[in-house]
Amino acid sequence: MSRKIRILISKPGLDGHDRGAKYIARALKDAGYEVIYMGIRQSPEAIVKTAIQEDVDFVGLSLLSGAHNELFPEVVRLLREQGANDVIVFGGGVIPQEDISYLKEQGIEAVFTPGTPIQKVIEFIETNKERVLH
Amino acid sequence: MDKKSLIEQQKEKWENTTLKKVLQKFPEQKESFSTSSWLPVERLYLPRQMSEEEYLERIGFPGEYPFTRGVQPTMYRGRFWTMRQYAGFGTAEESNQRYKYLLSQGQTGLSVAFDLPTQIGYDSDDPRSVGEVGKVGVAIDSLEDMEILFRGIPLDKVSTSMTINAPAAVLLAFYIAVAQKQGVAKEQLRGTIQNDILKEYIARGTYIFPPKPSLRLITNIFEYCSKEVPKWNTISISGYHIREAGSTAAQEVAFTLADGIEYVKAAIKVGLDVDQFAGRLSFFFNAHNDLFEEIAKFRAARRIWAKIMKEKFQAKKEKSMMLRFHTQTGGSTLTAQQPDNNIVRVTIQTLAAVLGGTQSLHTNSRDEALGLPTEDSVRIALRTQQIVAYESGVTNTVDPLAGSYFIENLTDKIEEEVLKYLNKIETMGGMVQAIENGYVQKEIQDAAYKYQQEIEKGDRVVVGVNKFTVEQEKPKEILRVNPLLRKVQSEKLMKLRKNRNNQEVDKALQALREGARDESVNLMPLILDAAKAYATLGEICNVLRDEFGEYRESIVL
Amino acid sequence: MIGKLVNGIIHGETRSIARAISWIENDVPQKEELIDALFEHTGRAQILGITGPPGSGKSSLLDRIIEQERKRDKKIAVLAIDPSSPFTGGAILGDRLRMQKHTVDAGVFIRSMASRGHLGGVAGATSDSVKVLDAAGFDLIVIETIGVGQTEIEVMNIADLVMLVLVPGLGDEIQALKAGVMEIGDIFVVNKADKEEANRLKAEIEYVLHLKTEDEKGVKNPIFMTSATENTGIEELVNGLHEYMQRMGENGTLRERRRRRVTLELKKIITAKIEAHVHKFLETGNNLDVWIDQILRKKTSPYKLINEKVIQILKELKEK
């Protein structure tokens, strides 16, 4: 049995700054994960549909426009509504410190702000992957 | 065999004596040095043999072909660059206040930031606008919002730059309509619309339509403005976002000029005369931290563009060959860590832009890696420009770094790199093709990946991020946009749709629809009619979406 | 657990379908039971393979085909295969980006699949995943191969028919035609037909097809000219696809292909299972070393030993 971790990387909302999302996608691939890259301007609904079809273990959301408080929690809500309780959601982007605790309350388990080394993201995935083994 | 010059002979001697002794005791910090974009940098640059003819051909005089030394003969001795801070957030009322404040602080031009729904042609009440209304700029849904945005600002006195691309024609129409209500004629309006769709496909993402109809809208604007709004800069061909996406300095210039070539080709193809529109083309570049590389980049860009316009497109007017550009300091160079350090970065970048001969400049605020800038931060950013202008003395002579052995060498080197790219893109069948193939995006992403990997490995130092870090940082004050803004705008829209003459709106939209179907029609007057009837931005764009279809991202890595 | 999953799949429930494919990809022990339970529900879907060189626009064309089929109210599933890195095992799966306008359509299911070291243009899990999608009631199942070239013939053994997508101007079309990829195509598409040289490519394909030995039933391979970006030629292509499938049904080709598919699959899986057991047997303890020594010291002769061991392996298998 060869279990592979699958991760969806996407940008909800309308902002097109995908340098960070693309970097993360590529770096996670290099770390040995299977990354489904969805690109920019995705609705929470489309992200959740994709996460379910792809049966991913993690969903990574990137946003720089400031719409994170509205859009990140909506992704978590729709995932849970559609029974995907085991998918772990994390986020990144220009996110003020004071919003992070709110996002965590809403089920976004980690938030990576600019300048975070990729190793931190990998550590997060490694320490949490046992929870999504299925 | 050529005889070694005296300088070369002396250099060899120096290397074998003075240098050798020191290197044995004190080796250099690294084995090799390079610019931020990986161009190799030598230990020492020496005068290069250059004939007088070559000087005149490649460097010349400011205000004359090939404009290497600048586009005006007096540069900042005549007038400083336009200090133009990109601003806008929340409602039209709030942004109007910010503009008035900036003008009162000595800013000399306006630069409007629109929110993402506006940039993508959605009304605030569109479901896709959730969370985004008023966030990265001001929300403009109709002419009504635009009237509020410029209330009390005389449009014949200021020049206004608008960062708007896919729906540029619509926002320009709103602007013209506001001016007319103020009693200002179209012919008097000065300003710029970004209107550069190709870089949206490459790097910025706020596209709506596929390339073909997008290029039609752009050439429609060229044609309309050349007759009706002659002082308006109809496009700002932008490398800024390409660089932000992680390109090298040379790629920034290469891809921007390649976009420019595509626009010129498109305009010529629809029958415009090159000298009729080329003088209104403007450019927009980034300024990063590597001071000399950036200065050389600007100088090289001017020289290459002049040559392209003259030789490839047979432009006759000098104005058509001039690369005039706006600069913004590099957003991606700012750090969320120890944000005050960003003031220093912005200062270096300001110097790069000014020594590179920019026509206007936006300086970033220190807190932009954290969120929207506060008023304090915006003021410091503007003061940075003012200090460089009034106190540093670098403005007292034209192109002060010309003749620096290093700068001239670097200028040549960047030119060489750029020409390699331009040739490659040409053989691919032009920039649209190169973008559709994903070639351009891939080149940028590879550079971005390499750059980030160097930071991760510590090979590239970013102060405060991977070196000289501090443990705990106290949270900074940031500006918040009213989260209920979408509701406010939606109610405004509801009222508008009730109170306007809807028959007139429908008629104007129908005319636009029919115009869109006929490629020979210039859509600008039709869009202006719809704008004046208070059709909303979303309504106008939806008609065009129906007719033109929508572009979708298709290239990954 | 399996009962619930099977039930979910045959009712077309997305989460169950997706999870079942993960089971297959991860080769979980319950996989065989799952497939056996689903088996009676399979056999209705049409299975189409799409292959072609990188840059031929397979995904964009597929996007348009989905659009057409949705107009005809067909339910469609796509398995889009991308390569795994041979160094890290990681992969970036991005084909669905080009089909994103169907993301929220409940009648379309798209799954990205990494090859995970499997050669031949598809993943090891592709064949069984097709069975899951078939049982889930999709009318058309499309397998989009990696698209790197000549070695991608395995899709032939999974799909009912294969569409080969070519484009003018890639420079390598002649080579591709010579290298035998042509053999696997039933239907040929010249995509980006708005480009110059598209007609020349068509003529070249016609020429090579002319050389091709007659199809089992003398069926002519159709060539279609499309442009995914301009949305032209798609309706004709989809009509042609259906006609071709119908003909395959009528003249017995489909039956033969499905029989061949089962044959190959049986041979492959039986061999693989026995081989896995043999490897385990050989690698247990230091068996192998002992036998090698026995042979080198002339204590036994090779075939005597080999035959003894084969009987031993077969006995063990039987007990299992």
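Reader: How many salt bridges does the rule find across the interface of chain C and chain A?

Author: Happy to start there, with a note on this predicted model: local features need pLDDT of at least 70, side-chain atom pairs count only at pLDDT 80 or more, and totals for chains, interfaces and linings use all residues, while side-chain values use heavy atoms, with hydrogens and water left out. Residues are numbered from 1 along each chain as its sequence is written, and chains are lettered from A and ligands numbered from 1 in the order in which they are written. A salt bridge is a side-chain nitrogen of Lys or Arg within 4 Å of a carboxyl oxygen of Asp or Glu. One example joins the side chains of D86(A) and R19(C), at 3.4 Å from N to O. Across the interface of chain C and chain A, the rule gives 6 salt bridges.

Reader: Which helix of chain C gives the largest share of the side that touches chain A?

Author: Helices (H or I, at least four residues) and strands (E, at least two) are DSSP runs, numbered from the N terminus. Helix 2 (14–26), strand 3 (91–93) and strand 4 (108–114) of chain C each supply at least two residues of the side touching chain A. The largest share, 7 residues, comes from helix 2 of chain C.

Reader: Which residue of strand 3 of chain C does E34(A) stand opposite?

Author: Two strands pair if DSSP finds at least two bridges between them. Strand 2 (residues 34–42) of chain A and strand 3 of chain C pair in the parallel sense, over 3 bridges. The residue opposite E34(A) is A91(C).

Reader: What is the area buried between chain B and chain A?

Author: Buried area is the accessible area (1.4 Å probe) that two parts lose on being put together, summed over both. Contact means heavy atoms within 4.5 Å, and 43 residues of chain B are in contact with 33 residues of chain A. Carbon and sulfur atoms give 51% of the area buried between these chains, which is about 2900 Å².

Reader: Is A306(B) buried or exposed?

Author: This residue lies in helix 12 (residues 291–312) of chain B. Not counting residues up to four places away in sequence, A306(B) touches Y65(B), P66(B), F67(B) and M321(B). The C-alpha atoms of A306(B) and P66(B) are 5.4 Å apart, although 240 residues separate them along the chain. With a relative accessible area of 0%, where buried means under 20%, exposed over 50% and partly exposed in between (1.4 Å probe, protein chains only), A306(B) is buried.
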